[in-house]
Amino acid sequence: MTLDTTEQKLASGDRSGESDATSLSFMRRFNWEGILFPFGLLAIAEVAMRVTGVHSETLATPRQILATLIHSFGNGVIFGLSAETLSAAAGGLLLGSLIGLLLGIVFGAFPRVFELMELTIEVIRPIPSISLLPIALLVFGFGYVMEISLIAKSTIWPVMIMTHAAIAGLHPRLREVALLLEMGLKDRITKLVLPAIIPSLFVGFRLSAGVSLLVAITIEIAANPRGLGYAMMRAEETLRPDLLFALLFWVGVLGWGINGLLLLLQKLINHRFGGAGAR
Amino acid sequence: MMNTARTGGLADPEGNQKEPLVSFKDVGLSLGGRPILEKISLDVQPGEFLCIVGASGCGKTTLLRLVAGLFKPNSGSVSVAGNQVKAPSRSVAMVFQDYTNALLPWRDCTGNVSLALEGLGIPPAERAVRVSDLLAKVGLAGHESKFPGQLSGGMQQRLQIARCLAQNPSILLMDEPFGALDALTRRSLQDELLRLVHDTGVTVLFVTHDLEEAIYLGNRVVALKSYPGRIAAMHKVDLPKQRNHIETPDLPAFRSLRHELYSFFADDHR
């Protein structure tokens with residue numbers, strides 16, 4: 001170790017961890033082809049199914065699916081189902097992110113604690129949430145709490161990892177600036193550490209948000225009698241392929257919308273905290 | 001805030017009867033078992049501009065860190081204004097070479113300077129006035145709401161200097177502050193630094209690789225030698241208070257000191 005090592009440590013660099021390639025499509029040139037493409041596919045499916053006269057208990061024509069979707073909007077059923085799934089996903093996401101944030105901060109601030117817990121965490125982390133379903137059912141029974149607990153289990157990790165890495169990667173210069181200005185602990189956290197890690201933290205949160213919807217629907221399909229997942233199972237059992245596909249389509253739209261919203265937010269956050277105008 | 005202490009800046013480094021502002025007494029420091037500095041004894045007078053030169057790894061930066069209270073000596077003592085340095089203090093400011101890491105990219109110029117004034121109980125209105133005065137002083141008027149990422153390297157370094165001056169320090173430590181800047185920017189910042197130092201009367205310890213920079217800025221140049229770092233030579237700079245880049249380097253005193261320092265370090269590398 002020479003004395004100038006701190007000089008040689010370069011900035012942790014691109015804290016956003018995201019390239020501009022993922023920026024929202026509607027912020028670029030309006031992409032007509034990209035929008036027309038799926039509608040083209042649907043039109044082909046519609047024509048093909050009518051021409052061949054498919055009559056199936058597992059498939060429905062796009063027109064039927066659309067009619068069912070509109071009907072579900074009309075009677076409000078789909079709103080209730082979405083609210084059940086999304087509230088569970090949001091609850092689990094918030095709980096999991098909070099735990100992940102705390103763990104990440106503790107691990108970043110106290111490397112010894114991380115050394116102590118690393119093996120434990122790394123063994124628990126890869127266990128699929130769905131395989132904990134039996135235990136969760138035993139503990140919580142059916143319902144909201146069980147679903148939230150399993151979603152939280154999966155959403156801890158992206159936030160934890162990103163927070164930990166961001167804190168470990170804080171430039172030593174920030175600490176020295178804080179010392180030289182005689183800043184207290186509260187000011188150091190609120191004025192230096194948090195703003196510096198927010199871009200990374202949000203990337204973790206966005207990844208967790210995607211996971212939360214996946215896990216929510218998986219649990220509803222597997223066991224929990226509520227939400228969009230359960231409605232899909234019911235549609236399958238009652239031989240309603242039109243409803244099943246309408247729900248599937250709606251889940252896709254929901255995921256797309258949520259991701260788009262979070263990407264937009266991420267762009268704003270990166271602009272605000274990552275050095276406005278610098279990228 | 002600053003113009004109160006016109007102690008003359010460059011004018012009066014020779015007042016040896018004065019109490020030294022910074023004093024190293026037989027200081028030794030090792031890090032990880034390796035001796036970094038050995039038997040450093042050095043007094044810096046108030047208002048002095050002391051330049052520290054030496055090869056990479058000779059302990060120049062460590063010397064500054066000892067004054068800042070970021071390191072503690074293993075032996076001997078470092079004192080500022082008669083008090084032994086135990087922890088960092090707002091009266092000692094430090095300008096780092098890597099301004100990008102030392103500035104907060106999420107705060108604009110005003111916010112970055114204001115960081116040094118927050119938590120002191122200054123009313124926001126007064127703070128705003130002081131911040132804009134400081135920004136004007138370092139030539140950043142009109143850039144108040146720009147973020148560091150929108151500024152050139154030279155402007156970012158000015159911003160860091162403004163933040164350090166906001167601390168109203170009695171000692172300004174500068175660790176190769178212009179090392180990452182291009183030659184023209186460096187020269188104009190050198191001149192502006194001399195003006196600021198003259199205006200504020202702050203005492204400066206300035207670390208550099210650049211021997212000409214050391215002579216141009218300093219009242220005194222200390223040369224360190226490495227392994228372990230120790231004071232190998234000390235030169236007074238006999239140049240007039242007013243300096244400029246066109247004539248000062250041609251003065252005989254400048255040229256002879258440059259000659260002396262260059263041959264000193266040339267021997268060192270043989």
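Reply: Strands here are DSSP runs of E with at least two residues, helices are runs of H or I with at least four, and both are numbered from the N terminus; two strands pair if DSSP finds at least two bridges between them. This is a predicted model, so to speak: local features need pLDDT of at least 70, side-chain atom pairs count only at pLDDT 80 or more, and totals for chains, interfaces and linings use all residues. Residues are numbered from 1 along each chain as its sequence is written, with chains lettered from A and ligands numbered from 1 in the order in which they are written.

Val221(B) sits opposite His235(B) of β10(B), and among the four residues between the strands, Tyr227(B) has a positive phi near 55°.

Zooming out, the open sheet has six strands in the order β6-β7-β8-β3-β9-β10 (chain B), with mixed pairing. β6 (92-95) and β10 (230-236) of chain B are the edges; each has a single partner strand, so one side of each lacks a neighbour in the sheet. Neighbouring strands are turned by 20° against each other on average, direction ignored (axes are lines fitted to C-alpha atoms, for helices over the stretch in contact, and angles run from 0 to 180 degrees between N-to-C directions).

Further in, β3 (49-53) and β8 (203-208) of chain B run parallel, joined by five bridges, and Leu50(B) faces Leu205(B) across that pair.
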